[in-house]
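Visitor: I have a model open and would like to learn how to read it feature by feature. Could you take me through it?

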Amino acid sequence: MTLDADPKAHSGRAGAASTFGVALRIAATLVATAGLSILTNAALADAVPGALLRGGISVGVAGILLGVVTAALVVRPFLRSRADLEVRYQAALADALEDQLTKLGNHRAFQEELDRQVEQAQRYDVPLSLVLIDLDEFKLINDRNGHADGDRTLAVFGRHVAGAVRRVDRAFRIGGDEFALLLPHTDADGAKIVARRLLATSLQPALRDGPTLPISFSAGISSIPALACNRAQLYSQADSAMYAAKRGGRTDVLIFDPSDSVSETPTSAGSAIVEVIARGQLRPVYQPVVELMTRRVLGYEGLIRPSVPAPFIDPAGLFRAAEASGHVVELDFACLETIVGGAAQIPEDVFLSVNLTPKTVEAPEFSTAALLSILARHGFPPERLVIELTEHEPITDVEKVRLKLDTCRRAGMRLAADDLGAGNAGLRLLSELHFDIVKVDLGLVQRSAPGGQASAVVESIVAFATRTGALVIAEGVEYTEQVDQLIALGVPAAQGFLLGRPESLPVEPTAGEVAPARLDLPGGTAAVGPPSRGPTDMASWRQSIGLPEPVSAVRR
């Protein structure tokens, strides 16, 4: 198969040819119209007295002809072009809402459909059930057999799911090994029958699936209106039942039990968050951000994991409880303190990024002085801190957020837009605030096949970053092919399981120098510890990764 060496040039030539063709047809139409006007005038010379009247009739006939020909040559192609654009848009929208591996809906599609289904169920007073599914021990499959086998397992399970639901039902892959079913006009007992039938099918894979091991999962169910009253409660109850199934030994399907609802109330969730913060039951882990061409570690993203005996299994449950109980700001500050406090072993020539929600930035407790106080307690320079902002909910006061973040920038901190491409929110943030780093969403990276629509979106983000001087970082890189594709698209840096998993930093040795660890990557290795040679000051470091100087430094 032969490919055009320059698709943009080919497109430009095609567009120019099309424009020239239209112009030529219009010119021919005008000439024909003028000729027809002359012929009409000559034909009427004997039949119609008066040159003015004959001229008027001639012009009228020519005008009608011009209108007909213009409609045929210009308007109809325009309408066809508009229809073609609409078809392309709908195809791109469908692609953006589909999980490419399982062919089920993705997380974004789930959120939109959940809103719609709950609204319909409440309006017409009909039951709606939500089933949340988490594959058991899926991490072991990836670790033992590799990601290729893990992907095959997910694809097989996706087929099982698609075959277990009705036409009116909706199925989604909402996370790495997490799935969801929306079952309209179905109560909790009916949903349990569907889920248990799916579990039985998954535990006995068909021969057509090849040498696939039995797939076990734990599932939780809630329904409207019997158990839940609104969207948040529906999801929270199904999530709680799912984790109860996992704690009970896995390979089970449970309906939410209202007798356990004490753990679901905002008051109890808030008490649990307060206790986690007070007892320090948070553990920091750090994932490297790697420059793709040189395999050099540019920085680390600091993440949080609940530690035993915290009453949360994973960080998702931790932050959901904080959101439900109104303790997001306190948890964000506790995470920041924990991550910065554990970052002593990070080399001095790399950055550290931390996640903050816009709700925290808007809060009265948030200020540059508060951040500087935390950094000072741990001896961490503000010039090395990157604040990652993710807008999962609309910002209430954009101007307030802008002013606060501008103050952080003047103190030397940098800003990153997180999860760009996950939805419209990230794009809105780009139009409202100035960022030094833009992070491309995991889902967009994993759909970036050569020539695909997701690749075109990534190219647009790279072009935008080039104009604004921002560094582009791709998230969720898991395969060598993705590295090659990102380099071809102009993405300079990335993070993901292929490049390094989120892990605790090594304990500081009592004597001697820390030997840098290595990440085995295609085409080379990446240092995870202090490099043998590198930039000796912050200005050189910023220049080396494409970050602008702090505002304060420029003003001096």
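**A serine and its partners**

Guide: Let's start with a pair of side chains: Ser 216 and Asp 136 are joined by a polar contact of 2.6 Å. A polar contact is a pair of N or O atoms within 3.5 Å; within protein, one must be able to donate a hydrogen and the other to accept it, and residues adjacent in sequence count only if both atoms are side-chain atoms. Before going on, keep in mind that this is a predicted model, where local features need pLDDT of at least 70 and side-chain atom pairs count only at pLDDT 80 or more, while totals for chains, interfaces and linings use all residues. Residues are numbered from 1 along each chain as its sequence is written, and side-chain values use heavy atoms, with hydrogens and water left out.

Visitor: Where is Ser 216 placed, and is it buried or exposed?

Guide: Look in the loop between α6 (188-203) and β4 (217-224). Helices (H or I, at least four residues) and strands (E, at least two) are DSSP runs, numbered from the N terminus. For burial, the cut-offs are under 20% relative accessible area for buried, over 50% for exposed, and partly exposed in between (1.4 Å probe, protein chains only). With a relative accessible area of 16%, Ser 216 is buried.

Visitor: And what does Lys 246 touch?

Guide: Lys 246 belongs to helix α7 (residues 231-247) and is buried, at a relative accessible area of 15%. Residues up to four places away aside, Lys 246 touches Asp 134, Leu 135, Asp 136 and Ser 218. Leu 135 and Asp 136 are also among the residues touched by Ser 216.

Visitor: Which residue other than glycine has a positive phi of about 55°?

Guide: Glu 137 is one, with that phi although it is not a glycine. You'll find Glu 137 in the loop between β1 (128-135) and α4 (138-145), partly exposed at 41% relative accessibility. His 185 is another non-glycine residue with a positive phi, near 55°. His 185 lies in the loop between β3 (178-184) and α6 and counts as exposed at 58%.

Visitor: What is Pro 127 in contact with?

Guide: Leaving aside neighbours within four places in sequence, Pro 127 is in contact with Leu 183, Pro 184, His 185, Thr 186, Asp 187, Ile 224 and Pro 225. Pro 127 itself is in the loop between α3 (107-124) and β1, partly exposed with a relative accessible area of 30%.

Visitor: How is a pair of packed helices described?

Guide: Two packed helices are described by the angle between their axes and the distance between the axes. Here helix α9 (residues 315-325) packs with α10 (328-341) at an angle of about 140°, and their axes are 8 Å apart. Axes are lines fitted to C-alpha atoms, for helices over the stretch in contact, and angles run from 0 to 180 degrees between N-to-C directions. That angle makes α9 oblique to α10; under 35 degrees counts as roughly parallel, over 145 as roughly antiparallel, 65 to 115 as roughly perpendicular and the rest as oblique.

Visitor: Which residues of α9 and α10 meet?

Guide: Leu 318, Phe 319, Ala 322 and Glu 323 in α9 meet Val 328, Leu 331, Asp 332 and Cys 335 in α10. The residues of this contact comprise 6 nonpolar, no polar and 2 charged. Ala, Val, Leu, Ile, Met, Phe, Trp, Tyr, Cys and Pro count as nonpolar, Asp, Glu, Lys and Arg as charged, and the others, Gly among them, as polar.

Visitor: Which residues of helix α12 are buried?

Guide: In α12 (residues 368-377), they are Thr 368, Leu 371, Ile 374 and Leu 375. They cover an arc of only 125° around the axis, which puts them on the same side of α12; the arc is that of the directions from the helix axis to the C-beta atoms. Ala 369, Ala 376 and Arg 377, on the other side, are exposed. The cover over the buried residues of α12 includes α10, β9 (385-389) and α13 (398-410).

Methods:
Contact = heavy atoms within 4.5 Å.
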